[in-house]
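Reader: I am new to this structure and would like to be taken through parts of it with care. Could we look at it together, one question at a time?

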Amino acid sequence: MRAVPPPGPPRLDERRRVADRLGRPLRNLRLSVTDRCNLRCQYCMPEEEYVWLPREDLLHFEEMSRLVDAFTGCGVDKVRLTGGEPLLRRDLPTLVSLLAAKPALRDLAMTTNGILLSDHAKALKQAGLHRVTVSLDTLQPDRFKALTRQNALDAVLSGIRAARDAFGRLKLDAVVIRGVNDDEIVSLLDFARSANAELRYIEYMDVGGATHWSMDKVVSRTEILDQIARACGPVEPVVEESSAPADRFRLRDGTAFGIISSTTDPFCRSCDRSRVTADGMWYLCLYASAGIDLRRPLRDGRALAEIGALIESVWQARTDRGAETRLTLRDRRPFVPVSALRANPHLEMHTRGG
Ligand code: SAM
Ligand code: SF4
Ligand code: SF4
């Protein structure tokens, strides 16, 4: 008689390849571990008051790990931890080691604002985290404070140094906003080069939470490239097969950088990413107005295969192209009004995990 394998996460050869209605596979999962944040970035959390997810709803690490097993069974092989600020979640290395032990995960990364990174970089690396991205929009202390409401640039810079020591290389993300930090496009690139980091410029997006967004504040990819070419000389595109949101470029001296042009030239056609909030709601698009509750089946003790089947059927019906749809609007304003964000914090970027 053949031995019956014990129930557990699917083996690599048992994983299903699930594609949505536009043929896009399910590969990338952004897992938010908290909706709380120690900054108040103008482009993400500009309001005075926020409604937080109830603490008892937040998934425990074992629940997150189980959920990741269900997703890897459907083809996910990349997980990025995010938030809110992920380093506000206590004992994060414990979650990292649970996830790092999964052979199905090819890539395990984290996006952080870097404030607490100098305390945690080494432990995260030891726990098995592969890569770190730090958000850094300015190198000017006063501007940092005006942009985030915290005097914390030094802490972020120490975090970046600690990440470089622990991981070797890292990525930096900068949201470029006209009249705020568009005069730092070149200095941020110089800084990234000196920090052994690859910089990615992000176009300002009209996502939930960006209540001060307007089209005239968006610095387009074309403008970013023009500024860099004027200051640094010719810029060559890096040709590569990838579903990554950033288009990559290279300067003559070899410096590489990326641009995520979600606002003026979105990449929905190849989007293989989805997001799970810290309380287990699954969103198929940054601009989706509703999510799928995965906490309930998890807490009801449903079998992994059953949760996997739910994920598979939902993904197969996916048609989302949120940023492309936004591009067709004539009179473009912030995606969600403040009153709707108060009524439903799941619509916030800091809840969805960016
Ligand atoms: N707190 C962490 C951080 O800031 O890196 C992780 C969460 S944050 C929501 C993830 C990413 O979303 C950050 O790189 C941030 O710059 C980006 N983001 C937030 N609001 C944005 C907006 N309106 N437009 C473009 N990017 C945005
Ligand atoms: Fe800024 Fe990230 Fe916090 Fe949003 S979640 S306010 S982007 S640090
Ligand atoms: Fe993907 Fe939605 Fe972003 Fe388009 S807008 S790239 S479909 S998450």
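Reader: Which residues of helix α3 (residues 117-127) are buried?

Author: This is a predicted model, and in it the word buried stands for under 20% relative accessible area. In helix α3, the residues that are buried are Leu117, Ala121, Leu124 and Ala127.

Reader: Why do the buried residues of α3 line one face of the helix?

Author: On the other side of α3 are Asp119, Lys122 and Gln126, which are exposed, while the buried residues pack against α2 (92-100), β3 (107-112), β4 (131-135) and α5. Seen down the axis of α3, the buried residues line one face because they fall within an arc of 140°.

Reader: Which strands stand at the edges of the open sheet of 12 strands?

Author: The sheet has mixed pairing, and its order is β7-β8-β9-β6-β5-β4-β3-β2-β1-β10-β11-β12. Two of these strands have a single partner strand each, so one side of each is left without a neighbour in the sheet. The strands at the edges are β7 (235-237) and β12 (292-293).

Reader: In β11, what is the bridge partner of Arg275?

Author: Strand β10 (residues 273-276) and strand β11 (residues 281-283) run antiparallel and are joined by 2 bridges, and helix α9 (residues 304-316) lies across β10, β11 and β12. The partner of Arg275 in β11 is Tyr283.

Notes. Residues are numbered from 1 along each chain as its sequence is written. Chains are lettered from A and ligands numbered from 1 in the order in which they are written. This is a predicted model: local features need pLDDT of at least 70, side-chain atom pairs count only at pLDDT 80 or more; totals for chains, interfaces and linings use all residues. Side-chain values use heavy atoms; hydrogens and water are left out. Two strands pair if DSSP finds at least two bridges between them. Helices (H or I, at least four residues) and strands (E, at least two) are DSSP runs, numbered from the N terminus. Contact means heavy atoms within 4.5 Å. Axes are lines fitted to C-alpha atoms, for helices over the stretch in contact, and angles run from 0 to 180 degrees between N-to-C directions. Buried means under 20% relative accessible area, exposed over 50%, partly exposed in between (1.4 Å probe, protein chains only). The arc is that of the directions from the helix axis to the C-beta atoms.
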